[in-house]
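I wanted to go through this model with the sheet and the charged pairs in mind, and to write down what I looked up as I went.

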Amino acid sequence: MPLQPSDDCAAPALERPETRLVLAISLDGRLAPAEGGAAQLGGKGDRRVLDTALAWADACLMGAGTLRAHQSTCLIRDRALLQQRVDQGRSAQPTAVVVSRSDGFPLQWQFFRQPLERWLLAPKGPAEGFDRWIPLGHSWPERLETLYACGVRRLALLGGASLAAELLQADCVDALQLTLVPTLLGGPHTWLPIDPNPLPLSMLGAGAWSCDGLEDLGEGEIMLRYRRQRVH
């Protein structure tokens, strides 16, 4: 029998989680090699700042295509950060929230053996594998309000590109954490794919983003942080 949506998520709040897009990208803005497939971007420095972002988050949002490419999600490896979360009364790992418009996730994937809670944001719930099903809803503001009602206050968006583009088009991304990796990949797999739906004009103008810091991660990698500036 399909999972039923949890009662504590039935009434969305009028607020949404703070959402941070966390990506490692090539110098030419690619997420994957030209032929496609999972890219292995980022070294030890990127792994460290990824751990920090995961430790910050209550949940991590990923698209079904990203899950199918990797068959797993990112876990915090740093023991101090894991202990810090436990000391704060939080789960050791952030919840993994998968966005999908279809099912078809083999239970033998590593993802279903990883030590974390798994939620599915989809039109219908599966019978196995996920701990919670959240109805997909009609828009990203609505979906994020529902996640907020489920207790998610800080959300790390881990990709892929189509999912990132959707949230940016809805102006639902509050911060960018981009690690530039010293390699060129070429091909069509940019972190913002060409899409007929443009980004909001308010996001494109001067002052829409402010630099929130940068860090030399070593081995030629640089992490850039930007925060969305909205006029209320």
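**Salt bridges and sheet**

I began with Asp171, which in this predicted model is buried, at a relative accessible area of 16%. Its side chain meets that of Arg228 in a salt bridge with an N to O distance of 3.0 Å, and Arg228 counts as buried too, at 7% relative accessibility. I noted that the two are 57 residues apart, with Arg228 in strand β9 (residues 221–228) and Asp171 in the loop between α5 and β7 (175–181).

I then turned to Arg230, whose salt bridge with Asp174 brings the closest N and O atoms to 2.9 Å. Arg230 lies in the segment after β9 and Asp174 in the loop between α5 and β7, so this pair ties together parts that are 56 residues apart in sequence. Here Asp174 is buried at 10%, whereas Arg230 is partly exposed at 26%. Which residues are linked in a network of salt bridges? I found Arg16, Asp171, Asp174, Arg228 and Arg230 in it.

For the sheet, I recorded an open arrangement of nine strands with mixed pairing, in the order β5-β4-β3-β2-β6-β1-β7-β9-β8. β5 (132–135) and β8 (209–218) stand at the edges with a single partner strand each, so one side of each is left without a neighbour in the sheet.

Last, I checked Arg48, which forms a salt bridge with Glu215, the closest N and O atoms being 2.8 Å apart. Arg48 lies in helix α1 (residues 44–56) and Glu215 in strand β8, so the pair ties together parts 167 residues apart in sequence.

Definitions and conventions: Residues numbered from 1 in each chain as written. Predicted model: local features only at pLDDT ≥ 70, side-chain atom pairs only at ≥ 80, totals over all residues. Heavy atoms only, no water. Pairing = 2+ DSSP bridges. Helix = DSSP H or I, 4+ residues; strand = E, 2+ residues; numbered from the N terminus. Salt bridge = Lys/Arg side-chain N within 4 Å of Asp/Glu carboxyl O. Buried < 20%, exposed > 50% of the residue type's maximum accessible area, 1.4 Å probe, protein only.
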